[in-house]
Amino acid sequence: MIDSSEASAALTDIEDTVRRVRQSQIYEVSSLVLLMWGGLAFVGNIAGWFWPRYGLYIWFAVYGVSAVGLIIIGVYHRSKSRIRVFDGRYFLTFGLIAAFGIFVCYFGQFTPRQQTAFWPIYIMLFYMMAGVWFGYAFLVIGATIVALTLIGYFYIPGISLLLWMAVVNGGGLTLGGLWMRRS
Amino acid sequence: MAELDDIIHQPLRLKIMAALNALPAEVGLEFVRLKKLTGATDGNLGAHIETLAKAGYVSVEKAFVGKKPQTTVTATAAGRGAFARHVATLQEIIAGRQA
């Protein structure tokens, strides 16, 4: 028979393993979401660069496709792992996040250039907050994209900022997704 | 008085059972994922999975995904029960109900 300190160590091992399993599940589904958003952010920025007059409609379309994509990823992950990752509460949360962003842009009277920098930084804020609780990968990805977005905002002139954002935001999210899949 | 399960108590087998029990019933983990989660080597992990399978605590399914072989390990109902009893015994030891 073992003593209480050995029993305690065994329970700590169990808790640590369970935490790692949960984290790997979060990383698995998040990596798919990151890859999807990476592709959409790339396409959205490139389309905005080609047709700047239709930028607003392009981003509405991107967010619409993104919502459908989240549903598909949720269904796929559930069929594979029998764990439900997205439900109505998640979509309500995303809706509130988007609504607050629109509210800030409207009252702040942001220029299109400022909005180009604001949205990725704003979304990455939530990634970084998620990183504090669920895994530092989110924190690293978020901080890197925020830093590169700010560099672009201050040093890339004119509409070329959209090309920079296609690479930084689209590329950053895609690389982050691939890295998360390997973690 | 409950007894510790000698098969589960071995450190790596304890981690394997903890990982599989963290999933819903009948959902398994691929060998590669299990290796990453437990930090074990291929040979070591394979040997301990075999021990658990012989005890009826896990089932092992081998399949081909494309051209790649894929081994999936799943905790059985007996394994889940044994793991729950083992954890309860550990908690009893900590609470001082067993020496």
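The legends below describe close-up views of a predicted model. Residues are numbered from 1 along each chain as its sequence is written, with chains lettered from A and ligands numbered from 1 in the order in which they are written. In this predicted model, local features need pLDDT of at least 70 and side-chain atom pairs count only at pLDDT 80 or more, while totals for chains, interfaces and linings use all residues; side-chain values use heavy atoms, with hydrogens and water left out.

**View 1. The largest cavity is lined by residues of chains A and B.** A search of the whole structure finds 1 cavity of 30 Å³ or more. On a 1 Å grid over the protein atoms alone, a cavity is a set of points where a 1.4 Å probe fits but cannot get out, and lining residues have an atom within 4 Å of a point. The largest cavity holds about 30 Å³ of space, where a volume is the space filled by probe spheres set on the points, and grid points are joined across faces, edges and corners. Its lining consists of Asp16(A), Thr17(A), Arg20(A), Lys15(B), Leu37(B) and Thr38(B). Two or more of these residues come from each of helix H1 (4-50) of chain A and helix H3 (31-38) of chain B. Helices (H or I, at least four residues) and strands (E, at least two) are DSSP runs, numbered from the N terminus. H1(A) provides the largest share, 3 residues. By type, the lining has 1 nonpolar, 2 polar and 3 charged residues; Ala, Val, Leu, Ile, Met, Phe, Trp, Tyr, Cys and Pro count as nonpolar, Asp, Glu, Lys and Arg as charged, and the others, Gly among them, as polar.

**View 2. The second largest pocket has a volume of about 910 Å³.** A pocket is an open set of grid points with protein on both sides within 12 Å along at least five of seven lines. Of the 29 residues that line the second largest pocket, Glu28(A), Lys80(A), Leu29(B), Glu30(B) and Arg33(B) lie nearest its centre. Elements giving two or more residues to this lining are H1, H2 and helix H6 (160-182) of chain A, together with strand S1 (29-30), H3 and strand S3 (68-75) of chain B. H1(A) gives the most, with 8 residues. The lining divides into 9 nonpolar, 11 polar and 9 charged residues.

**View 3. Ser30(A) lies in helix H1 of chain A.** With a relative accessible area of 14%, Ser30(A) is buried; buried means under 20% relative accessible area, exposed over 50%, and partly exposed in between (1.4 Å probe, protein chains only). The side chain of Ser30(A) reaches the backbone oxygen of Ile26(A) at 2.6 Å. Not counting residues up to four places away in sequence, Ser30(A) touches Phe138(A) and Met180(A), contact being heavy atoms within 4.5 Å.

**View 4. Helix H2 of chain A spans residues 55-81.** Its 27 residues reach 38 Å from first C-alpha to last, close to the 39 Å expected at 1.5 Å a residue; the expected span is 1.5 Å times one less than the number of residues. The buried residues of H2(A) include Ile58(A), Val62(A), Leu70(A), Ile73(A) and His77(A). H1 and helix H3 (88-108) of chain A are among what covers the buried residues of H2(A).

**View 5. Gln109(A) has a positive phi, near 50 degrees, in a residue other than glycine.** Gln109(A) is placed in the loop between H3 and helix H4 (112-134) of chain A. Its relative accessibility of 69% makes Gln109(A) exposed.

Definitions and conventions:
A polar contact is a pair of N or O atoms within 3.5 Å; within protein, one must be able to donate a hydrogen and the other to accept it, and residues adjacent in sequence count only if both atoms are side-chain atoms.
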